[in-house]
Amino acid sequence: MTDEPRLSAQDMIEHLTPVLSPRTRIRAVTALVAGTTGAAFTGALWWSEPGPLPGHTHLAFAMFTTFCLAWAGYGGWLLTRRVPLFATDRLIAAWLALTASITTTAVLTTVAAQRDTATWPVLTVGGVFITTSLLLTVRAHLRRAALVRRLHELTHRENQ
């Protein structure tokens, strides 16, 4: 006989199937809905253009549609995960934001330079977005590293 308390069947099932926290679920649904909606609207706008578009406009539409689909994919992935993520979700979101910020700033700066307009507004706003997303990426890496380190400490302690 053991001195451990017996768990009910419901308690055992709850321990076996982790669920997303409400905050994570809201983030996932928001990313999924915003990404899907953005991709649909951008695709519809791209498709409904009355005349031929220049190459860089096609590139911009394709880029924005791709970013929206990436956010939708991230939201769907996050909703379907039912295991501890150890901040992997934040890391993926931070890298998506950083990639989108850098690419958008580069394309808009190129377009502004080709049109002989001032590039400093684009570089200023883009720099703010890039800096913010870079800080969030570093923060996500540090948070994930701390959680993984703690996981290893706890599992190492249990094995001894």
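# Why we call it that: a helical model

Tutor: T105 lies in helix α4, and keep in mind that this is a predicted model.

Student: Why is T105 called buried?

Tutor: Set the value against the cut-off. Buried means under 20% relative accessible area. T105 has a relative accessible area of 10%, so T105 is buried.

Student: And what is T105 in contact with, leaving aside its neighbours within four places in sequence?

Tutor: There you'll find V122, L123, G126 and I130.

Student: Okay, over to G73. Why is G73 called partly exposed?

Tutor: G73 is found in helix α3. The class in question sits between the 20% limit for buried and the 50% limit for exposed. G73 has a relative accessible area of 43%, so G73 counts as partly exposed.

Student: Which C-alpha distance goes with G73 and L32?

Tutor: Their C-alpha atoms are separated by 6.9 Å, though the two are 41 residues apart along the chain.

Student: How do you know that the span of α3 agrees with its number of residues?

Tutor: Try the rule: the expected span is 1.5 Å times one less than the number of residues. With 26 residues, α3 should span 38 Å, and its end C-alpha atoms are 37 Å apart, so the two agree.

Student: What about α2, how far does it reach?

Tutor: From first C-alpha to last, α2 reaches 37 Å, close to the 38 Å expected for its 26 residues.

Student: Which residues of α3 are buried, and what do they pack against?

Tutor: Among them are A60, F61, M63, F67, Y74 and L78. The buried residues of α3 pack against α2 and α4.

Student: Which residues are buried in α2?

Tutor: T24, A28, A31, G35, G38, A39 and T42. What covers them includes α3 and α4.

Student: What makes A28, A31, Y74, L78, L85, A93 and L96 a nonpolar core?

Tutor: Two tests. Each must be a buried residue of a listed nonpolar kind, and the set must be joined through side-chain atoms within 4.5 Å. These 7 residues form the largest nonpolar core, so they pass both tests. Helices α2, α3 and α4 each supply at least two residues of this core. Apart from it lies another core, of 5 residues, among them M63, F67, V107 and V111.

Student: What does A28 touch, leaving aside its neighbours within four places in sequence?

Tutor: A28 is in contact with G75, L78 and L79.

Student: How do you know where empty space is left?

Tutor: You roll a probe the size of a water molecule over the atoms, and that shows it.

Student: How many lining residues fall in each class?

Tutor: The lining has 9 nonpolar, 1 polar and 5 charged residues.

Student: Last one: what pattern does the protein follow along the sequence?

Tutor: The pattern reads α-α-α-α-α, with 5 helices and 0 strands. Buried residues make up 24% of the 160 residues. Among contacts between residues at least 6 apart in sequence, 68% join residues at least 24 apart.

Definitions and conventions: Residues are numbered from 1 along each chain as its sequence is written. This is a predicted model: local features need pLDDT of at least 70, side-chain atom pairs count only at pLDDT 80 or more; totals for chains, interfaces and linings use all residues. Side-chain values use heavy atoms; hydrogens and water are left out. Ala, Val, Leu, Ile, Met, Phe, Trp, Tyr, Cys and Pro count as nonpolar, Asp, Glu, Lys and Arg as charged, and the others, Gly among them, as polar. Helices (H or I, at least four residues) and strands (E, at least two) are DSSP runs, numbered from the N terminus. Buried means under 20% relative accessible area, exposed over 50%, partly exposed in between (1.4 Å probe, protein chains only). Contact means heavy atoms within 4.5 Å.
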